[in-house]
Amino acid sequence: MKQLIDLYREWKGTPPAHVEKMDGAGSNRAYYRLTDGDGHSVVGCVGTSRDENHAFVYLARHFAKRQLPVPQVLAVSPDELRYLQQDLGHTSLFDAIRGGREAGGRYTLEEQELLRRTIRELPNMQFRGARELDFTQCYPQPEFDGENVRFDLNYFKYCFLKATEVDFHELKLEADFRLLTKDLTGESCDAFMYRDFQARNVMLPTPQSPAPYFIDFQGGRRGPFYYDLASFLWQASARYPDRLRRLLIDEYYQSAMQYSEMPSREHFDQRLHLFVLFRTLQVLGAYGFRGYFERKQHFIDSIPPAIENLRQLLAMPPATFPYPYLMEVLRRLTLLPQYQRIEVAPKTRADGYKTTEVNPYNAHPKDGPATFSKYDGAGPLVVKVFSFSYRKGIPDDESGNGGGYVFDCRSTHNPGRYEPYKQLTGLDEPVIRFLEDDGEILTFLDSVYRLADAHVQRYIQRGFTSLMFCFGCTGGQHRSVYSAQHLAEHIHQKFGIEVHICHREQGISTTLL
């Protein structure tokens, strides 16, 4: 610390009036905010690796020359273990979009715009930033290559896969790893690969006009631009919905065309999916090491969302990933009980009542064997979800099982009261944004999701074939349509089962397979 203050004094001419240690990052680098008597601050970094610090300083100065949005380096110690940089404030993109993340991936228009600005700026960093860049200055190596890939795939195998006790044939898995490595490194690319491109490393220094600034790029190197896009859009905790991902991919592709000749969109999408698979395995390896071996709860909690990303990849056509044995192992991985995300009741409820993990209703020998429903084991489960108007009655159940859940949406704010939405439905973006920005429908659906998840999970376990959910509102046009559509997509995404959607009053029927 004393040496960092000495560097500040040498640069500023006076010692700082206040020094504040900033939240720790993922590396062993320590950051401090040093403030003078007038309230002006800079950020000081203390590292343990000269080479890592050197890479950051070189890259920051290079990017600044190309007028890219990075912090200005103000002073560097002779041994390069400490430096001062421009303070970009307290608000990261991660902080700014917290609301959408905590709402399960339902981002407001304002949050979506922040994401769009960021993703449009990424190609500028990757392509213009690579021009005249001396990649030999990069740390710990100048280029993404097969050695990188093999290291990360083995990281996944030894730090995650083996820890789950999934049985696999190591030679068969290694054969597919070699094919995947060859495919990932099969195309040369002169772009700057950020490598750690995530919302935490994007700063928004001016809330009035939040142009994104990029930090912590010291691990970057020459490499495929797909990697950064996959890292950002498939970050497990972000829970970006597919629709938003597609929009941001479109934004990226259009922006990148301004800086470089891009492959066809079909080829681009194929390569991107390949890097999404690789990045997902890489992340699981890191989570396994930090969680299972170092016992850090944050990383253990991050595993289920990453497994959900894996499930989405496995749902793609088989030809997308020509690695049959690897896909088989990953499929078995997602079916493990610990990744089914079944909620366990807490020992003490919020209202103070005690609960117990011991079942007080154990069967008595005199009770005899249990009997079972004729529907047990018939499977597979098919879920039907309806929206309807209460004026026209609750939908009939054609399965003969007597119907299922009926939810009344009329307690939530009704967009149908306002002229701009009267001709729209709950499938239209303006109505979706109205409902999500208002928030009442999100609270309503949170309870529905918890109830539906437990019921669907149990029906799958018992091999039942039919389950029905109905959502009613005044006209069957806005709130019920929105709710039915979102529950159907939620169930299909989480459980991968067939879901029939019927918006009765709109005459719309679709099936999610």
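Okay, let's start with one serine. Setting aside residues up to four places away in sequence, S483 touches C409, I441, F444, L445 and F471. Keep in mind that this is a predicted model. Where does S483 lie? In helix α15, which covers residues 479-495. And is S483 buried or exposed? Its relative accessibility is 0%, so S483 counts as buried. Look at C409 again: it's 74 residues away from S483 along the chain, yet their C-alpha atoms are separated by 8.1 Å.

Now, on to the cores. The largest nonpolar core has 94 residues, and F217, Y252, F268, L330 and L333 are the ones with the most contacts inside it. Which helix gives the most to this core? That's α10, residues 265-293, with eleven residues. Another core lies apart from it, with 34 residues, including A452, L467, I491 and I497.

Last stop, back to α10 and one of its packing partners. Helix α7, residues 170-184, packs with α10 at an angle of about 130°, and the axes are 11 Å apart. Because of that angle, α7 is oblique to α10. The crossing of α7 past α10 is left-handed. On the α7 side, the contact is made by L180, D183 and L184, and on the α10 side by R271, L274, F275 and F278. Sort the residues of that contact and you get five nonpolar, two charged and no polar.

Key. Residues are numbered from 1 along each chain as its sequence is written. This is a predicted model: local features need pLDDT of at least 70, side-chain atom pairs count only at pLDDT 80 or more; totals for chains, interfaces and linings use all residues. Side-chain values use heavy atoms; hydrogens and water are left out. A nonpolar core is a set of buried Ala, Val, Leu, Ile, Met, Phe, Trp, Tyr and Cys residues joined through side-chain atoms within 4.5 Å. Buried means under 20% relative accessible area, exposed over 50%, partly exposed in between (1.4 Å probe, protein chains only). Helices (H or I, at least four residues) and strands (E, at least two) are DSSP runs, numbered from the N terminus. Axes are lines fitted to C-alpha atoms, for helices over the stretch in contact, and angles run from 0 to 180 degrees between N-to-C directions. Angles under 35 degrees count as roughly parallel, over 145 as roughly antiparallel, 65 to 115 as roughly perpendicular and the rest as oblique. A crossing is left-handed if the near helix is turned anticlockwise from the far one by less than a right angle, and right-handed if clockwise. Contact means heavy atoms within 4.5 Å. Ala, Val, Leu, Ile, Met, Phe, Trp, Tyr, Cys and Pro count as nonpolar, Asp, Glu, Lys and Arg as charged, and the others, Gly among them, as polar.
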